[in-house]
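Here are my notes on this structure, as numbered points. Please read them with the model open.

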Amino acid sequence: MKIVVLAGGRSTERNVSLSSSAKVANALRRKGYEVALVDLFLGLPDADEQSMAALFTGEQQDIDLNISDEIMTDDVINALRPDGSTQLFGPNVLKILAMADIVWIGLHGGDGENGKVQAVLDLNNIPYTGSGALASGITMDKSVSKEIMIYNDIQTAKFVNIHKEDSGTVVLPFGFPVVIKPANGGSSVGMYIAKNDVEFKKDLKEAFEFDSEILVEEYIKGREFSMAVVNGKALAAIEIIVTDGWYDFEHKFVTGNTTKFVTPPDIPDDVHDEMKQIALKTFKVLGLSNYGRIDFFWNENGLYVIEANSLPGMTPLSLMPQEAEADGLRYDDLCDEIVQGQVKALGLNE
């Protein structure tokens, strides 16, 4: 089976995507697939049919995993393409994707997870892993996904949406501290915790650099967990313990920080079982499929869903691979199970 691992793109999380995708590509090659790693934004200029085919059949060496953890801006990303063009799909990308039996979408954030890439693949009849265009878009929009959760009696933090043009007249319906985050984004890029009005105004201004719509949530104090769902099964939860601050971008992706991960977590069995039920319910009401991750807080008031992730990270520090390992599913087998689950769901082996 030929697989394209689609990586990079134009998101602030471009480097996270490259790290995830390199690790996935290496794993799938070890499982016997013919794998081409393709950068969505850079593409393959001046390629012909023979060179594109050789991406799958050439010598399959491990890809270098030494990738920067820098948050990339549009200007920096644009400079990577010599011709100065900025369209999302680079040269020959669609042609290469059409040569694959299935595409592993290894993109994160922005246009990687908001359903736009998925819609393009749908229009071109190119099968891919992960959720479809609609579910991806819903999940990427934090305010829309939270409204759906609230409608379906899934407990989540109270929130308000703030548009840039209205930012000077904000009245919060809850007190400090508050969580500030872009309505469409991931990996805690542009996310802040404000403890007072002075911090709120400063952090809100900085958050608007990442999105024109900002979500402000009440701060939920409690233990933090994440739970992956793979092909309809909720895996063992993982507890995230940060001893110096909170689980921001640095704690997620930069090695050497003080974050501790515990899986399976030290919580009562009934709480763990309830978390699994809520994860599966959230997955269903948001329309997610194949695989994803649901993030939680737990305190004396019960379980709160923070958000859902349609394309969880697969880097060396990512949560889902650690959960799978605790469930007896090694990294390579996890990647294989995701591919085979989608192949079966889409009827590609019939």
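1. Four strands make up an open sheet, ordered S4-S7-S5-S6, with antiparallel pairing. Strands here are DSSP runs (E, at least two residues) and helices are DSSP runs (H or I, at least four), numbered from the N terminus. Two strands pair if DSSP finds at least two bridges between them. Strand S4 (159-163) and strand S6 (192-194) are the edges; each has a single partner strand, so one side of each lacks a neighbour in the sheet. From one strand to the next, the twist averages 25 degrees.

2. This is a predicted model: local features need pLDDT of at least 70, side-chain atom pairs count only at pLDDT 80 or more, and totals for chains, interfaces and linings use all residues. Residues are numbered from 1 along each chain as its sequence is written, and side-chain values use heavy atoms, with hydrogens and water left out.

3. S4 pairs with strand S7 (residues 213-218) over five bridges, in the antiparallel sense. Valine 160 sits opposite valine 216 in S7.

4. Helix H9 (residues 197-207) lies across S4, strand S5 (178-182), S6 and S7. H9 runs at about 160 degrees to S6. Axes are lines fitted to C-alpha atoms, for helices over the stretch in contact, and angles run from 0 to 180 degrees between N-to-C directions.

5. Helix H7 (residues 133-140) packs against helix H8 (residues 142-151) at about 95 degrees, with the axes 5 Å apart. H7 is therefore roughly perpendicular to H8 (65 to 115 degrees; under 35 is roughly parallel, over 145 roughly antiparallel, the rest oblique). Ile138, Thr139 and Met140 in H7 meet Lys142, Val144, Ser145 and Ile148 in H8. Contact means heavy atoms within 4.5 Å. By class, the contact has four nonpolar, two polar and one charged residues (nonpolar: Ala, Val, Leu, Ile, Met, Phe, Trp, Tyr, Cys and Pro; charged: Asp, Glu, Lys and Arg; polar: the others, Gly among them).

6. Where does UniProt place the feature "binding site"? The unreviewed entry puts it at Glu307 and Asn309. Such annotations may be inferred rather than shown by experiment; positions are in the numbering used here, and feature names are shortened.

7. Glutamate 307 is in strand S13 (residues 302-309). Its relative accessibility is 15%, so glutamate 307 counts as buried (under 20% relative accessible area; exposed is over 50%, partly exposed in between; 1.4 Å probe, protein chains only). Not counting residues up to four places away in sequence, glutamate 307 touches Lys142, Lys181, Arg293, Ile294 and Asp295.

8. Asparagine 309 is also found in strand S13. At 14% relative accessibility, asparagine 309 counts as buried. Asparagine 309 touches Thr139, Gly292, Arg293 and Asp295, again leaving out residues up to four places away in sequence.
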